[in-house]
Amino acid sequence: MNYVTLSFVGMLLVLQLCFAIPKPDADSPASHHEFNTDNKLYKATLEQFVKVAIPLSEQYGHLLEKVVEDLKAHEEAPNYETQIEHLEALVKACKHLKGESDDETFHNILKLQSDVAGAQEESKKSSKHHLVRDLFDKDGAKNLIEEYHKDFTEFFDGFDDAFEEYAKDLSEEEKADHEDFLKWFKEFKEADGFDKKFEKFVEFFKFFNSENVLEIRK
């Protein structure tokens, strides 16, 4: 995933398809055992995720403002009115992500999906189809993606340690009951490359839902 592609996907942490968090398919590992969101690992992971997400989203919002400013000043601006509108919506959303709780903040991130999708549309009125992408490049997207990689690599290292500690406290019976969850973690640790590791990580949230199919309070 290069920095241009990620910029079009939207705020740096939103892989919109992965973070949709649908109810797991019947055959998926996550469908076998779902945890309630009071689970201590979920709460700790979400808290750390938000701590990484908010500063990056603020930086991303500043990048978007530069892109919008350059796009409005460009001779092709009249052909990009729709894209400008969507980008401005993203700027506004990035400024109001922080909620009263980590769960609210996380769901504010998910709400960006419609704006993100609109920002990806190419202008049918302009022959400069890569103009917005080029402006992301010009305004510093590469440096921001490097920061994103660094911060989330550190986040993953901390998550590894937290999961190992959590698993140590599980009884043998609980380990047997949550074999799929432990298997997922093994696959996450073995994921090769940052992109695959990130995509695997988002599956973590699919083990949790608000319906409290299975309660584990540790």
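Modeller: One definition before we start: buried means under 20% relative accessible area, exposed means over 50%, and partly exposed lies in between, with a 1.4 Å probe and protein chains only. This is a predicted model, where local features need pLDDT of at least 70 and side-chain atom pairs count only at pLDDT 80 or more, while totals for chains, interfaces and linings use all residues. Residues are numbered from 1 along each chain as its sequence is written, and side-chain values use heavy atoms, leaving out hydrogens and water.

Biologist: Okay. How many helices and strands are in the protein chain?

Modeller: Eleven helices and zero strands. Both are DSSP runs numbered from the N terminus: helices are H or I with at least four residues, strands are E with at least two.

Biologist: What share of the residues is buried?

Modeller: Buried residues are 46% of the 218 in the protein chain.

Biologist: Switching to charges. How many salt bridges are there?

Modeller: The count is 16. A salt bridge here is a side-chain nitrogen of Lys or Arg within 4 Å of a carboxyl oxygen of Asp or Glu.

Biologist: Why can such side chains pair?

Modeller: Opposite charges can pair when the charged atoms come close.

Biologist: Which residue does Glu-187 meet in a salt bridge?

Modeller: Lys-200, at 2.8 Å from N to O. Glu-187 sits in helix 10 (residues 179-190) and Lys-200 in helix 11 (residues 194-201), so the pair links distant parts of the chain, 13 residues apart.

Biologist: Is Lys-200 buried or exposed?

Modeller: Lys-200 is buried, at 18% relative accessible area. Glu-187 is partly exposed, at 33%.

Biologist: And what does Lys-51 pair with?

Modeller: Glu-47, in a salt bridge of 3.7 Å from N to O. They are four residues apart in helix 3 (residues 40-73), so about one helical turn separates them. Glu-47 is partly exposed, at 35%.

Biologist: What about Asp-151?

Modeller: The side chain of Asp-151 meets Lys-150 in a salt bridge, 3.0 Å from N to O. Asp-151 counts as buried, at 15%. Lys-150 is partly exposed, at 41%.

Biologist: Which residues are linked in a network of salt bridges?

Modeller: Asp-70, Lys-138 and Asp-139 are linked that way.

Biologist: New topic. What share of contacts joins residues at least 24 apart?

Modeller: In the protein chain, 79% of the contacts between residues at least 6 apart in sequence do. Contact means heavy atoms within 4.5 Å.

Biologist: Last one. Where is Ala-89 found?

Modeller: In helix 4 (residues 81-95). Ala-89 is partly exposed, at 26% relative accessibility.
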